[in-house]
Amino acid sequence: GNLYFKPENVAVKAGNVRITMVNVESGAHTLVIEGVPRFELAVNGKGSKDSNVVALKAGDYAFYCTLPGHRSAGMEGDLTVG
């Protein structure tokens, strides 16, 4: 969304997880997971989507948009892996 993720709190089981991001507004956005190198999704324009599989270990992670000002404006969330 426009400077938010929905849902902003996500829980998944440990292992290989497919993460999909769908843009519901017109801007560009990214999604990275803090502490998970080389994983990034990117969308640009309404209806665009990006998806990839990532191996996740149990723990708590933050995910956020890397574009300048987006994270500080609230485009972040929590990922719980169990």
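Predicted model: local features only at pLDDT ≥ 70, side-chain atom pairs only at ≥ 80, totals over all residues.

User: Where is R38 placed?

Analyst: R38 sits in the loop between β3 and β4. Its phi is near 65°, a positive value in a residue other than glycine.

User: Why flag that?

Analyst: Because most residues other than glycine have a negative phi.

User: OK, and L3, what is its phi?

Analyst: L3 has a positive phi too, about 70°, and it isn't a glycine. You'll find L3 in the segment before β1.

User: Is L3 buried, exposed or partly exposed, and why?

Analyst: L3 counts as partly exposed because its relative accessibility is 30%, which falls between the 20% and 50% cut-offs.

User: Which peptide bond is cis?

Analyst: The one from K6 to P7, with omega near 0°. P7 is in the segment before β1 (9-12).

User: Switching to the inside: how many residues are in the largest nonpolar core?

Analyst: It has 18 residues, and L31, I33, F39 and L56 are the ones with the most contacts inside it. The elements giving two or more residues to this core include β2 (15-22), β5 (49-56) and β7 (76-81).

User: Which element gives the largest share?

Analyst: β2, with 3 residues.

User: And what does L56 contact, leaving aside neighbours within four places in sequence?

Analyst: L56 is in contact with V12, A14, G15, V17, I33, V36, L79 and V81.

Note on methods
Residues numbered from 1 in each chain as written. Heavy atoms only, no water. Core = buried A, V, L, I, M, F, W, Y, C linked by side-chain atoms within 4.5 Å. Buried < 20%, exposed > 50% of the residue type's maximum accessible area, 1.4 Å probe, protein only. Helix = DSSP H or I, 4+ residues; strand = E, 2+ residues; numbered from the N terminus. Contact = heavy atoms within 4.5 Å.
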